[in-house]
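My entries follow in the order I made them.

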Amino acid sequence: MDTLLQQIINGLTLGSVYALVALGYTMVYGIIGLINFAHGELVMVGALTALSVIKGLAVAGLGLPPVVLMMAGLLVAMPVCMLLALIMERVAYRPLRGAPRLAPLITAIGVSIVLQNIAMMIWGRSYFSFPAVMSVTTYEFLGATITDLQILIVGMAAALMGGLLWIVHRTRLGLAMRATSQNLQVAGLMGINADRIIVAAFVIGAALAAVAGLMVSAYYGIAHYYMGFMLGLKAFTAAVLGGIGNLAGAMLGGLLLGLIEALGAGYIGDLTGGVFGSNYQDVFAFFVLIGVLIVRPSGLLGDKSVDRS
Amino acid sequence: MPSSQIRINSLAALIAAALLGLAGCSKEEPKPAAPAAPPPAPTVSVKIGIVAPLTGPQSHIGKDLENAVRLAADDANAAKIMIGGNQLKFEVMAEDDQADPKMAPVVAQKIVDAKVSAVVGHFNSGTTIPASKLYSDAGIAQISPSATNPKYTDQGFKTAYRVVANDNQQGKVVGEYIAKDLNAKTMAIIDDRTAYGQGVADVVEKSAKDAGVKIVAREFTTDKSTDFKAILTKIRSRKPDVIFFGGIDTQAGPMLQQMKGLGIKAQFVGADGIQSSELFKLGGDAVEGTLASFPGLPIEKMGQGKSFNDKYKARFKQDVVLYAPQGYDAFNVFVDAMKRAGSTESAKLLEKLPSTDYKGITGPIKFDDKGDIKDGPITMFKAVGGKWEAVATIGGAAPAAPAASAAPAAAEAPKADAKK
């Protein structure tokens, strides 16, 4: 029982990170129908920027408390990622707004590779260990252990997701975003500046990506220039699983994917009598995705977005 | 891009070597004026390849090897070795196989096409094995400083040699150490599914089982993973005394941190892949108490280990990471064979390699008929206060010295524990 609970805790932590990243994919897709494959790289840039800032401050020896260090890292990483998303949208995607759908998709892959290589030039190819500014405290909970970092990750992700839902459903900006996602032209006729809304979707997604980047590198204690690729792919899977274009779907998909991975890796060896081992961890995500898409082609919560083209 | 960079590096190294040589000459000139007078002997250049992962997660270990070979080449050039009236001028050709078994043959072909005399490398077992076929076909001698998978020399290639004990030797010792010295009753095993990680884990599993240890979990990861929580949670539920990991420090660092987060108290044991200084950076204080084997002597127990580290540090501004002494020795085994053969040709070199009897930094180097090193010693290290301390040396050509030195080292470890 404690093992199952522990796997659920592991899965929820991982799932919260996936959900935050998945939101970035789904917001942009919901509005302009573009799968921004470079979104994973924003997570990487966020992680490495925050890491550099924290390392720099730690080395400077100002004796700042860990929470301040983390916040400082985040406060630098978020604007950097937001600016990057702004440039990305302006330079790479806006000129292709009217182009066939494949063109921006391939551009997105190109942007992803460019960002990866720029990061490699800036930070180098080696793995960075996350500076041990935060001494992790472990709590016992019904036989399972949970660290304060895990609580922080899940709590922060929940707060951010709540905040995003509030923005989308309770503010004028959110109203404009929802209108634009329903029909870009008609929203324009209603006096909404579509360009601004699209930029807002990119920038909000980038801010969430920066937070996710800091979380994931602090959680695993490691960051490198290539980390955005697999994470982005998983988050994209989560978004599709939940129904791409649907905010609640992205959150659900992220959490589900995290749980599936943790439980899958923990139990497949026993369930299959050792035929499949935990080395198949990364396969589950895609296996479940295929299964869900066969039954529900638009994802778990995504019935609304199928008829728009 | 990497190749041009490497070319610039090697050029810089050559210039540096030349300058060093000149400086050496000018200093000694005043006394015997005669040696400087005759015209310099014609030089013949000898290309030696070094292949290792110079980019990616294992680049720190690969770069360590490249540095060692460059250092060896500089030393050999400074020694002004003469063969057949020509002075040898060693050139290093460094190539990056990215630790990728698919890249290894591609890079090996490039090395073969460049007509090198011999190759030091590759670093990983997974890359060394596919590449060895190409070197064998081309008749180029290869010494891996670090590939420990037995398959490498089991293929029967006349060109394949290594200067470290293989996984059968290493894994057997580690398995027995876990059973007897650690008194473990149960253990869990994780490997990264690479030729190296899986190979060493399989041998440890067998040898520990034979010694009466119960294997309660066998889990897997990859050499690119960072999330081990799921498999560690499963392992925790089986409560093993020992967790053995067959893999590299890049995974072991985060794995140790995640073990700590999950409150796992089992003794963590690894093989040479995690016995690096980098592990302390990647794993932080979670590394404390970790045990790791290494197919060789601790650098401070090597006869010239300290002076080698000093020389290395003076040149590269960092301590030896892992396999630099082995890389340096591998290069010098080639030089030794060339001297004995009186030729730099690959074929002549290959004839002389089996009869190698070279005293290197790592100890005496002799090969058995498969190309494995004879009597390679294996040392168990423990992580104490951010450093590796030798706790036991098993086997080796000179068992008397290591056995005597193992005792004080073993006594030191508890003392350090008590301090904490």
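Below are my notes, chain by chain.

**Ground rules**

I am reading a predicted model, so local features need pLDDT of at least 70 and side-chain atom pairs count only at pLDDT 80 or more, while totals for chains, interfaces and linings use all residues. Residues are numbered from 1 along each chain as its sequence is written, chains are lettered from A and ligands numbered from 1 in the order in which they are written, and side-chain values use heavy atoms, with hydrogens and water left out.

**Chain A, overview**

I looked up the secondary structure of chain A and found 11 helices and 4 strands. Helices (H or I, at least four residues) and strands (E, at least two) are DSSP runs, numbered from the N terminus. Of the 309 residues in chain A, 52% count as buried. Buried means under 20% relative accessible area, exposed over 50%, and partly exposed in between (1.4 Å probe, protein chains only). I then checked contacts, meaning heavy atoms within 4.5 Å. Among those in chain A between residues at least 6 apart in sequence, 77% join residues at least 24 apart.

Next came confidence. pLDDT is the predictor's confidence in each residue, from 0 to 100. Chain A has a mean pLDDT of 88, and 96% of its residues reach 70 or more. Residues 305–309 of chain A stay under 50, and the model has 7 contacts for them beyond four places in sequence. Where pLDDT is low, the predicted coordinates should not be read in detail.

**Helix α3 of chain A**

I checked the length of α3(A). It has 28 residues and reaches 38 Å from its first C-alpha to its last, close to the 40 Å expected at 1.5 Å a residue. The expected span is 1.5 Å times one less than the number of residues. Buried residues in α3(A) include A:Leu69, A:Ala77, A:Met88 and A:Glu89. The buried residues of this helix pack against α2 (39–60), α4 (102–123), α5 (148–170) and α8 (194–220) of chain A.

I stopped at A:Glu89, in α3 (residues 66–93) of chain A. Is A:Glu89 buried or exposed? A:Glu89 counts as buried, because its relative accessibility is 1%. Leaving out residues up to four places away in sequence, A:Glu89 touches A:Arg94, A:Pro95, A:Arg97, A:Ile198, A:Val199 and A:Phe202.

**Chain B, overview**

Chain B has 14 helices and 15 strands. Buried residues make up 59% of its 420 residues. Among contacts in chain B between residues at least 6 apart in sequence, 67% join residues at least 24 apart.

**Cores**

I looked for nonpolar cores, sets of buried Ala, Val, Leu, Ile, Met, Phe, Trp, Tyr and Cys residues joined through side-chain atoms within 4.5 Å. The largest has 104 residues, and B:Phe90, B:Ile178, B:Met187 and B:Phe331 are among those with the most contacts inside it. Helix α12 (residues 324–341) of chain B gives the most to this core, with 9 residues. The core lies between domain 1 (2–164 + 302–365) and domain 2 (168–294) of chain B, because both give residues to it. Domain bounds come from an automatic or database domain assignment. A second, separate core of 90 residues includes A:Leu34, A:Ile35, A:Ala38 and A:Met88.

**Helix α4 of chain B**

The 14 residues of α4 (residues 125–138) of chain B should span 20 Å at 1.5 Å a residue, and the end C-alpha atoms are 20 Å apart, which agrees. α4(B) bends by about 30 degrees at B:Ala131. The bend is the angle between axes fitted to the seven residues ending at a residue and the seven starting there. B:Ala131 is among the buried residues of α4(B), as are B:Ser125 and B:Tyr135. Just after α4(B), B:Gly139 takes a positive phi of about 70 degrees.

A cis peptide bond joins B:Gly121 and B:His122, with omega about -5 degrees. B:His122 sits in the loop between β4 and α4 of chain B.

B:Lys317 is not a glycine, yet has a positive phi of about 60 degrees. I placed B:Lys317 in the loop between α11 (305–316) and α12 of chain B. B:Lys317 counts as exposed, because its relative accessibility is 66%.
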